[in-house]
Amino acid sequence: MSRPRVLQAGPAMRALEAALAAQFDCHSLAKQSDPKRFLAEQGSTFEALVTSGKSGADGALMDALPALKAITHFGVGYDTVDVTAAAQRGIPVSNTPDVLNDCVADVAMGLLIDAARGLSASDRFVRRGNWLKGPFPLATRVSGKKLGIAGLGRIGQAIAKRAQGFDMAIRYHSRRPVAGISFQHEPSLAALADWCDFLVVIVSGGAATKHLVSADVIRALGPKGYLINVSRGSVVDEAALVDALVNKRIAGAGLDVFEDEPNVPQALMGLDNVVLLPHLASGTHETRQAMADLVMANLHSIFDTGKLLTPVPAPA
Ligand code: NAP
Ligand code: 8YV
């Protein structure tokens with residue numbers, strides 16, 4: 001029996017590419033010398049598309065793949081997949097939820113502690129030989145402080161669990177209160193920013209959350225507040241954040257994501273009040289392998305049962 005034909009939209013981790021090649025008749029669109037011509041000649045033969053945050057999938061690509069039974073997305077945040085276009089064409093979409101909660105929450109706490117205690121900045125201080133000239137300046141305490149979480153979903157709850165170990169008081173913002181959660185729900189993100197010492201952002205990306213962390217929210221955080229963003233760069237008004245960091249109108253920030261990755265605003269490069277990470281929160285061998293396994297499991301499920309294992313919700 002011939003193996004189902006699967007199209008890979010862009011590059012993927014080596015282990016996923018190997019599994020795709022071994023288990024399906026898989027072809028990479030990015031590796032074609034003329035992707036448009038390739039789609040015109042062979043697009044109708046593909047039954048599944050594998051994509052990622054970087055490659056995404058728009059309606060035009062879906063139109064070029066008329067036999068598509070599913071889109072499987074490597075990553076939980078699927079904001080670069082046009083889910084409305086997929087729903088209109090009856091194509092289900094899967095993502096990779098839950099398997100990355102722990103690693104992303106670990107990095108959120110790591111960024112928070114680094115931003116407050118200046119770990120990265122003090123490492124630079126030692127390497128520059130500055131310790132020989134005097135002590136590193138005092139920093140900000142983390143334990144027992146007030147934590148605001150924007151987005152108390154799967155990862156937000158894993159962050160809250162860790163923060164409880166640091167005796168932090170926790171409140172959260174989302175559109176709806178989460179059932180069965182005792183932390184106080186705050187309907188206004190600006191009010192949450194005003195209350196907390198640390199605001200961790202872990203909402204979903206996309207049009208609905210674009211610049212949710214606005215200049216007003218950053219203002220409400222104030223000169224003693226820290227912003228930690230592990231969700232998507234689009235969620236924060238980056239120009240307003242850069243302005244606040246440069247002019248010390250917030251105490252600091254820890255950022256894993258940016259509006260125009262991998263481009264990071266030049267104005268942040270020389271600042272010690274911001275920790276800059278290259279979108280690595282899920283980037284451990286164990287978690288990325290679990291994400292790849294879930295992509296493969298979704299593909300087998302759609303071909304064996306006609307259903308995805310971890311479908312994303314239908315667009316509103
Ligand atoms: P999730 O379980 O779906 O949680 C998303 C949360 O965002 C929910 O609490 C949701 O609550 C809230 N939310 C959504 N739209 C909102 C809006 N307009 N205003 C306020 N709150 C809103 O998702 P998850 O698995 O925790 O993942 C969250 C996001 O983290 C992903 O979508 C992805 O973008 C990002 N992420 C980043 C990395 C990284 O490497 N840095 C890794 C993994 C995930 P309501 O629906 O009630 O509003
Ligand atoms: C990955 C992510 O870095 O899952 C997500 O939403 O942002 C990260 O886990 C990304 O998906 C890899 O393409």
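Between domain 1 and domain 2, 1 salt bridge is counted, the term denoting a side-chain nitrogen of Lys or Arg within 4 Å of a carboxyl oxygen of Asp or Glu. The structure is a predicted model, in which local features need pLDDT of at least 70 and side-chain atom pairs count only at pLDDT 80 or more, while totals for chains, interfaces and linings use all residues. Residues are numbered from 1 along each chain as its sequence is written, and side-chain values use heavy atoms, with hydrogens and water left out.

Aspartate 79 and arginine 232 form a salt bridge in which the closest N and O atoms are 2.9 Å apart. The domain assignment, automatic or from a database, gives domain 1 as 5–97 + 286–305 and domain 2 as 101–276. Their centres, taken over C-alpha atoms, are separated by 33 Å. Contact (heavy atoms within 4.5 Å) involves 6 residues from domain 1 and 6 residues from domain 2. The buried area, that is, the accessible area (1.4 Å probe) lost by two parts on being put together, summed over both, is about 440 Å² between the domains, with carbon and sulfur atoms giving 52%. On the domain 1 side, Asp79, Pro97 and Thr287 lose the most area to domain 2, together 69% of what that side buries.

A polar side-chain atom of arginine 232 lies 2.8 Å from an oxygen atom of ligand 2. For arginine 288, a side-chain N or O atom is 3.2 Å from an oxygen atom of ligand 2.

Definitions and conventions. Chains are lettered from A and ligands numbered from 1 in the order in which they are written. A polar contact is a pair of N or O atoms within 3.5 Å; within protein, one must be able to donate a hydrogen and the other to accept it, and residues adjacent in sequence count only if both atoms are side-chain atoms.
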